[in-house]
Amino acid sequence: MVTNVTNFSRSGLFDWMAQRVSAVILATYFVFLVGFVICNPNLDYSQWYSLFHNKWMRTYSLLALLCLSVHAWVGMWTITTDYLTRMALGKWATGVRFLVQALCGMLMFVIFVWGIQILWGV
């Protein structure tokens with residue numbers, strides 16, 4: 001049996017909802033960016049800079065980055081608990097699963113902090 005030690009929450013319903021809400025926010029962010037590029041066919045650095053210099057766009061980008069982290073964590077947790085099992089890996093399954101989940105979590109944290117540094121110039 002798989003335990004919820006490294007799960008994003010203690011509820012499968014909460015994880016399902018977090019996955020769906022984060023997907024919708026990421027989709028709207030992507031559609032907005034594609035629409036901006038299409039509406040500005042001669043896009044140059046100054047237009048791109050002025051878009052991302054607005055606080056609302058930085059905030060929206062930060063929200064998208066947070067949603068990307070949540071979406072990736074729920075997805076990776078689901079994949080590791082489904083496929084890194086005792087039947088597949090034997091007695092090392094729990095340790096391997098924890099190691100993979102820890103590496104994914106650290107990578108997502110590093111990418112999130114790096115994104116904040118890029119967006120806000122910290």
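## A first look at the helices and the aromatic cluster

Let's start in helix H2 (residues 45–53), where Trp-48 and Phe-52 both sit, four residues apart, or about one turn of the helix. Helices here are DSSP runs of H or I with at least four residues, numbered from the N terminus.

Before going on, a word on what you're looking at. This is a predicted model, where local features need pLDDT of at least 70 and side-chain atom pairs count only at pLDDT 80 or more, while totals for chains, interfaces and linings use all residues. Residues are numbered from 1 along each chain as its sequence is written, and side-chain values use heavy atoms, with hydrogens and water left out.

The chain averages 88, and 91% of the residues score at least 70. Among the elements of the chain, H1 has the highest mean pLDDT (95) and helix H4 (residues 86–89) the lowest (74). Where pLDDT is low, the predicted coordinates should not be read in detail.

Back to the rings. Rings of Phe, Tyr and Trp (its six-membered ring) pair if their centres lie within 6.5 Å; planes under 30 degrees apart are stacked, over 60 edge-to-face, and the rest tilted. That rule gives seven aromatic pairs. One of them is Trp-48 with Phe-52, a tilted pair at 5.2 Å centre to centre with 50° between the planes. Ring pairs also join Tyr-29, Phe-32, Phe-36, Trp-48, Phe-52, Trp-56 and Tyr-60 into a cluster.

Now for how covered some residues are. Buried means under 20% relative accessible area, exposed over 50%, and partly exposed in between (1.4 Å probe, protein chains only).

| Residue | Relative accessibility | Class |
|---|---|---|
| Gln-19 | 15% | buried |
| Gln-47 | 29% | partly exposed |
| Trp-48 | 33% | partly exposed |

Gln-19 belongs to helix H1 (residues 12–39). What does Gln-19 touch, leaving aside neighbours within four places in sequence? Its contacts (heavy atoms within 4.5 Å) are His-71, Val-74 and Gly-75. Gln-47 lies in helix H2, and with the neighbours within four places in sequence set aside, Gln-47 is in contact with Phe-36, Asn-40 and Asn-42.

Finally, a helix pair. The axes of helix H3 (residues 55–83) and helix H5 (residues 93–120) come within 10 Å and cross at roughly 175°. H3 and H5 are therefore roughly antiparallel to each other, a label for angles over 145 degrees. Axes are lines fitted to C-alpha atoms, for helices over the stretch in contact, and angles run from 0 to 180 degrees between N-to-C directions.

Methods
Helices (H or I, at least four residues) and strands (E, at least two) are DSSP runs, numbered from the N terminus. Angles under 35 degrees count as roughly parallel, over 145 as roughly antiparallel, 65 to 115 as roughly perpendicular and the rest as oblique. pLDDT is the predictor's confidence in each residue, from 0 to 100.
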